[in-house]
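Student: Could you walk me through this structure while I have it open? I'd like to go piece by piece.

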Amino acid sequence: QGDEYINIESDLHENKRASVDDEQPHLKGHLEKKYEQVCEFCKKHKARIHYMVYGILITAYLAAVIAACSLNFQRALPLFVITVLAIFFICWDFLIAKYEDRIADFFSSGNHYLKKQWFWLKWVLCTTLIIMIICWLIFDTTKRGSRQLISFGGLVMYVLLMLIFSKYPTRVAWRPVFSGVGMQFILGILILRTKVGFDVFNWLGIQIQTFLEYSDTGAKFVFGDKYTNHFFAFKVLPIVVFFSTVMSMLYHVGFMQWLIGKVGWIMHIFMGTTPVESLVAAGNIFVGQTESPLLVQPYLPYITKSELHAVMTAGFSTIAGSVLGAYISFGVSSSHLLTASVMSAPASLAASKLFWPETEKPLVTLRNGIQMAKSESNNLLEAASQGASTSIGLVANITVNVISFLALLSFLDSALSWVGNLFDYPQLTFENICAYIFMPFSFMMGVDWEDSFIVGGLLGYKTFFNEFLAYERLSKLIQNREKGGSMYINGVKQYMTVRSEVIATYALCGFANFGSLGLVIGGLTSIAPSKKKEIAEGAFRAMIAGTAACFMTACVAGMLIVSGLEVPCHILLGSTSNFTDFPANSTEVVECCQHLFT
């Protein structure tokens, strides 16, 4: 304006001339030449440099492990075991990747022979397995009593019930069923009956419990020192946020995909299930029922109805790792929750293949080179942030469900009490009705008859509302037992035996409830819209199969569990000082003294 005059064309021409001048080569300095030479060298020998860096880091790590073991091997034992396992699996993956064809050729003759002789060989294996189980039951019954036989009878009962109500009873392939139950049994023996297995899972449970307690730091900073006054909102829910963040980070680095792939491969080999349903069942050990199908999302439009039913059943019969931490914070045994999560994976496939047998030819096989979905995060910090953000929906969902279901339960109890009062039975509640419905099922799992009414009520809470309410109620019963107090108050039992608590922990460990039914239908339909009709058709059957799978896991646990002290030590030792009320089984006193001494 005024004195200034802007000529756009001349300015553009000058800018263009300036850019051309910039493009002309200029004399490079000595430092710049050296920098370019270094860059060229790094590009040329990029792979070697990476190997060198990795080699230095691995050497430093191994040196640290050796130093720690030499200082105190007992203290460094967990680190040593983790290192040995890591080396084994790295070598395994390297050999499989490089020599897979040679290994397959080496075992091809044996595989061909097995296929040729499989008709009679499978009957020999089944007969041997049945004889071994019968012999084990006889010896175990003579040693520990007949309660294990009730759990075995319950397992047989659930298998027969699912066969009777199966979609195609005459088309059942028994290999997934027997191998699924067999895997449950083997896992149960390793974890619950062997000292090494029990100690390992007990150690894992303690480590997870300790790890989850780090969420208290964030909760304390945000909500103040008295955050535990609002236990559920400020203590339990932050654990869900923390665990979701950690799982997202593990998913980003590829550890979760690797672990799920290994577990899925084991189930595929032993059970003969397809890769898709095996991977989803393995994924449900660690992630939720709507997240695990995302691992195989590209293949969902091509799976059969039976495979889709197996995918949904796996979701209903297990719990997510994020809410596992919440249940542990209630006071439920962490080792038993971990064991239940692992054992329910093969049980879900066994129940699914029994309830909806395969009648079509699966399109997705291992030969197709199945690949799992990868993380969309660009780096580890973004993965952590996404995991925390994703948990907002989960936390909100848990909160509103607990508020609404508890309010609805209170209203139902009030209404039922009013109806019961008309017939001189004012103690009629929703829990009592559920207890009568599920009482036979809980007793057949191996729960003591006196406790089957309480466990039946817990199963009703879990089925008609959600497992959160059921575990919260179970935690109160556990706390009552640990405090000691009277077992009965006004004719109402205040706590159960340890055996009943453990079986209830396994039976409740699943998402099989009517609230999750809508969640699964909505989630899977959004992932695979072409399967909308099949999802709606099979969801209810999948929920029943998931419930049966949890009950089967509880039966196996009932067969294998070795109950500890039924009475708290301080009460037992208090009565020991009174010679007129000396306990009948003095081994309990010895066990108490050993525990206190330790």
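Student: What does Met445 touch, leaving out residues up to four places away in sequence?
Tutor: Met445 touches Ser151, Tyr158, Leu459, Ile503, Ala507, Phe551, Ala554, Cys555 and Gly558, where a contact means heavy atoms within 4.5 Å. Please keep in mind that this is a predicted model, in which local features need pLDDT of at least 70 and side-chain atom pairs count only at pLDDT 80 or more, while totals for chains, interfaces and linings use all residues. Residues are numbered from 1 along each chain as its sequence is written, and side-chain values use heavy atoms, with hydrogens and water left out.

Student: And which residues have the most contacts inside the largest nonpolar core?
Tutor: They are Met312, Tyr327, Met445, Phe468 and Tyr471, in a core of 120 residues. Such a core is a set of buried Ala, Val, Leu, Ile, Met, Phe, Trp, Tyr and Cys residues joined through side-chain atoms within 4.5 Å, and buried means under 20% relative accessible area with a 1.4 Å probe, protein chains only. Helix α21 (residues 532-560) gives the most to this core, namely 15 residues; helices here are DSSP runs of H or I with at least four residues, numbered from the N terminus.

Student: New topic: how do α13 and α14 cross?
Tutor: The axes of α13 (residues 321-330) and α14 (residues 334-355) come within 9 Å and cross at roughly 150°, the axes being lines fitted to C-alpha atoms over the stretch in contact, with angles running from 0 to 180 degrees between N-to-C directions. That makes α13 roughly antiparallel to α14, a label used for angles over 145 degrees.

Student: Which residues make that contact?
Tutor: Leu324, Tyr327 and Ile328 contribute from α13, and Ser334, Leu337, Leu338 and Ser341 from α14. These divide into 5 nonpolar, 2 polar and no charged residues.

Student: How many residues of α11 are buried?
Tutor: In α11 (residues 275-283), 9 of its 9 residues are buried, including Pro275, Glu277 and Gly283. The buried residues of α11 pack against α10 (255-271), α12 (305-316) and α14.

Student: And what share of the whole protein is buried?
Tutor: Buried residues make up 41% of the 598 residues in the protein.

Conventions. Helices (H or I, at least four residues) and strands (E, at least two) are DSSP runs, numbered from the N terminus. Angles under 35 degrees count as roughly parallel, over 145 as roughly antiparallel, 65 to 115 as roughly perpendicular and the rest as oblique. Ala, Val, Leu, Ile, Met, Phe, Trp, Tyr, Cys and Pro count as nonpolar, Asp, Glu, Lys and Arg as charged, and the others, Gly among them, as polar. Buried means under 20% relative accessible area, exposed over 50%, partly exposed in between (1.4 Å probe, protein chains only).
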